[in-house]
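User: Can you walk me through this one? I'd like to start with how the chains touch.

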Amino acid sequence: MIQFFHVYKQYFRSNEALSDINLSVERGEFIFLTGASGAGKSTLLKLIYKEEEPSKGQILIDSINSTLIPPGKLYKLRRQIGIVFQDFKLMMNRTVHENVAIPLLVRGDKKAAVEKKVNSTLALVGLSHRKRYLTSHISGGEQQRVAIARAVIGNPKILIADEPTGNLDTELSIEIIRILEKINARGITMIIATHDMNLINLFPKRIIKLDKGQLVLDKASEAV
Amino acid sequence: MKFMARAVQQALNNILRNKTVNFLCLGIIAFTLLVPGIFNYISFNLDSYISKLSENIEAIFYLREGDNSADIEKMLQRIQGNLLVKEVGFTSKDRAQMKFTQEFPELQYILAEFSDSPFPASINVKFRTDARNVVQIESFIRDIEKSSIIESVQLNLDWARKIAMIKKFASFAGFFLSAILLIVSIFIIFNVVKINIFYRRDEINILRLVGATDWYIKTPFLLEGLILGFLGGLLAGGLLLVTIRVFPVYAKFIFNIVKQLIDFRQLPLRIFWEMVITGSAIGLFSSFISLRRFIKTTPG
């Protein structure tokens, strides 16, 4: 599903953010990507959804070399990947419904189909009662769930979440991971970046650990 | 269809969201279109006036004594065959004398001194009503003048030439001012779209990340420029009409001088639509340039 071959990333005039990364992620896997701040977690995720380009190496997404995708065709890749951002990246002046519907609207889906899909997705993340609320008027935990709903509504093959529990308390964090597990059960490949070891210990999944841009651990389904 | 409806809705929302900036922009576009519009209007009216005057452009070719009628007939055919010529007529020596007698009966005694008509035969030519052909008319006359049967030619094009000069000056001044103001206009719309892109940069980024195509993102901004330009053109057309109507009331002195040259009663539809189309084109072009400059399609 996702393969990294000797991937390097160096930002302009700075140290290497990623160094010689080799990894393979199978379809339907649930992975925690961990490491200290600045370890390169976000950079690795950005390479997957092509927000950044690798300085060296190849990345295959569903057998397609992502470095060869031209800018004009990038939307095709992005429609296969759902992304949950650390800062949510929601449109605060729009309703919950409007935010969740965006990935379907940009594809030109029909209004009735969009409505039906938004309702079922909001039910999945437990936000049906907030549908007509302005996003700025709901809590941080609820905003996080809106972001998850938006990421999964388009039936992506891959879901990427960058510190999805970073701003939440333990109870809410567990709730969010449980929602993500439910989504993963539908066959969506899941890569969750987090530095919360307690959370990782609670959910026995594959763990990939980065340290100063290097892959230092790739361990399957055990507590660290 | 759905895509366009959404893009138009989005563009209108953008315009209404930044009311102050957009209405200011609209005013400036209208003003920048109004100035060339005024010059275009003056030029249009002068053109009509020259056309009206040109209906009377007439040349009289006086013929040499003793020419035979075969040569005259040939010359008449040659003149008649030219596309610039509307009407051609021949006045014989006797006919010229008769006309003189009819027009100036009190001077008949002068003619008593002559045994034969003292007036030369002539060919009278009326030209078509297209003042842009003044140069061609002159060249045609010079050509005919070379003929051995022609003694001299009488033509008065001075007034048409002077009006044409004024029109040329008005067109040049209009073009020069228009060029400057249109550049200003493009710069303003460019910056308005830039501000709107900046205002919506997070939203644009989100749309890109959820898989929106470039056109899905860019179309509302393009339409925004188009709508602003279109409305600016409409406003400029309205302002020009008001200017035309108000001018005779508030500038009576100038009005009395120019009222023969300029028709203050109506605004030709052609000029109105030219302003609207120019405004729309400027709006579309400026936003296109702004988008190329400020919306990145490449990652990173």
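Analyst: First a term: contact means heavy atoms within 4.5 Å. This is a predicted model, where local features need pLDDT of at least 70, side-chain atom pairs count only at pLDDT 80 or more, and totals for chains, interfaces and linings use all residues. Residues are numbered from 1 along each chain as its sequence is written, and side-chain values use heavy atoms, with hydrogens and water left out.

User: OK, how many residues of chain B are in contact with chain A?

Analyst: 17 residues of chain B, and they meet 24 residues of chain A.

User: And what area is buried between them?

Analyst: About 1,800 Å², with 60% of that from carbon and sulfur atoms. Buried area is the accessible area (1.4 Å probe) that two parts lose on being put together, summed over both.

User: Which residues form the salt bridge?

Analyst: E203(B) and R94(A), whose closest N and O atoms are 2.9 Å apart. A salt bridge is a side-chain nitrogen of Lys or Arg within 4 Å of a carboxyl oxygen of Asp or Glu. The count between the two chains is one.

User: Which elements of chain B give two or more residues to that side?

Analyst: α1 (2-17) and α8 (201-209) of chain B. The largest share, six residues, comes from α8(B). Helices (H or I, at least four residues) and strands (E, at least two) are DSSP runs, numbered from the N terminus.

User: Switching to chain A: how many helices and strands?

Analyst: Seven helices and ten strands. Of the 224 residues in chain A, 53% are buried, meaning under 20% relative accessible area (1.4 Å probe, protein chains only).

Technical notes:
Chains are lettered from A and ligands numbered from 1 in the order in which they are written. Buried means under 20% relative accessible area, exposed over 50%, partly exposed in between (1.4 Å probe, protein chains only).
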